[in-house]
Amino acid sequence: MTTAEWIVSNAWVIWLALFLLLAIIEMISLDLYFIMLGVGSLGGVAVALLEGPVWLQVVIFCLLSLLMIFLVRPIAIKHLKKSPEGFRTNIERLIGQDALILEPTSRLSGSAKIAGEIWTARAEANAATMSPGSYAVVSRIQGATAYLNPAPPTES
């Protein structure tokens, strides 16, 4: 038995190995492309186990992969990115938070304590220099810099 004959008669092994390789790549990339190709390779496994010709295995692989990428992946992505209305994560949750000014903060320099962490801070373009010990409100975050507006005066 030649190598080519062995590959044709045991094509299911190659399709299964391809599936495992694609699954590993998907675990690293998390794009949901490689797992869709993996499902296509499982179609190739099924046709190979039913002793279908190699050309049919390749056609089934291509069709299943394309169907999964264009029909299933968009739905899966939509469900993965779904979050409750108004739910904010990471940096977004700091917007609107109070900031304690630690050093004079102007449009050019400054620092502030926000949610227990010390941040590089800048005053917004229309805000005056803020003095240490005063409070401000985070208006936006750009990179590792928080942009602040003076906190409105509180009524005592």
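The expected span of a helix is 1.5 Å times one less than its number of residues. On that basis the 16 residues of helix H3 (residues 34-49) should span 22 Å, and the end C-alpha atoms of H3 are 22 Å apart, which agrees. Helices (H or I, at least four residues) and strands (E, at least two) are DSSP runs, numbered from the N terminus. The model is predicted: local features need pLDDT of at least 70, side-chain atom pairs count only at pLDDT 80 or more, and totals for chains, interfaces and linings use all residues. Residues are numbered from 1 along each chain as its sequence is written, and side-chain values use heavy atoms, with hydrogens and water left out.

**Helix H3**

- The buried residues of H3 are Met36, Gly38, Gly40, Ser41, Gly43, Gly44, Val45, Val47 and Ala48; buried means under 20% relative accessible area, exposed over 50%, and partly exposed in between (1.4 Å probe, protein chains only).
- Helix H2 (11-29) and helix H4 (54-80) are included in what covers these buried residues, where contact means heavy atoms within 4.5 Å.
- Leu42 is placed in H3 and counts as partly exposed because its relative accessibility is 36%.

**Nonpolar surface patch**

- Met1, Trp6, Ile7, Trp12, Val13, Ile14, Leu16, Leu20, Leu42 and Leu49 make up a nonpolar patch on the surface, together with about 930 Å² of accessible area (Shrake-Rupley method, 1.4 Å probe; for residues, only the protein chains shown count as cover).
- Patches are made of residues with over 30% relative accessible area and no salt bridge, like charges being joined within 9 Å and nonpolar side chains (Val, Leu, Ile, Met, Phe, Trp, Tyr) within 5 Å.
- Helix H1 (3-9), H2 and H3 each contribute at least two residues to the patch, and H2 gives the most, with five.

**Strands**

- Strands S1 (residues 98-103) and S2 (residues 111-114) run antiparallel and are joined by four bridges; two strands pair if DSSP finds at least two bridges between them.
- Opposite Ala99 stands Ile114 of S2.
- S2 is also joined by four bridges to strand S3 (residues 117-123), again antiparallel, and Ala112 has Trp119 in S3 as its bridge partner.
- The hairpin of S2 and S3 has two residues between the strands, and Ala115 there takes a positive phi near 50°.

**Salt bridge**

- The structure holds one salt bridge, defined as a side-chain nitrogen of Lys or Arg within 4 Å of a carboxyl oxygen of Asp or Glu.
- Arg140 forms a salt bridge with Glu124, with the closest N and O atoms 3.0 Å apart.
- Arg140 lies in strand S4 (residues 135-142) and Glu124 in the loop between S3 and S4, so the pair ties together parts 16 residues apart in sequence.
- Glu124 is buried, with a relative accessible area of 14%, whereas Arg140, at 34% relative accessibility, counts as partly exposed.
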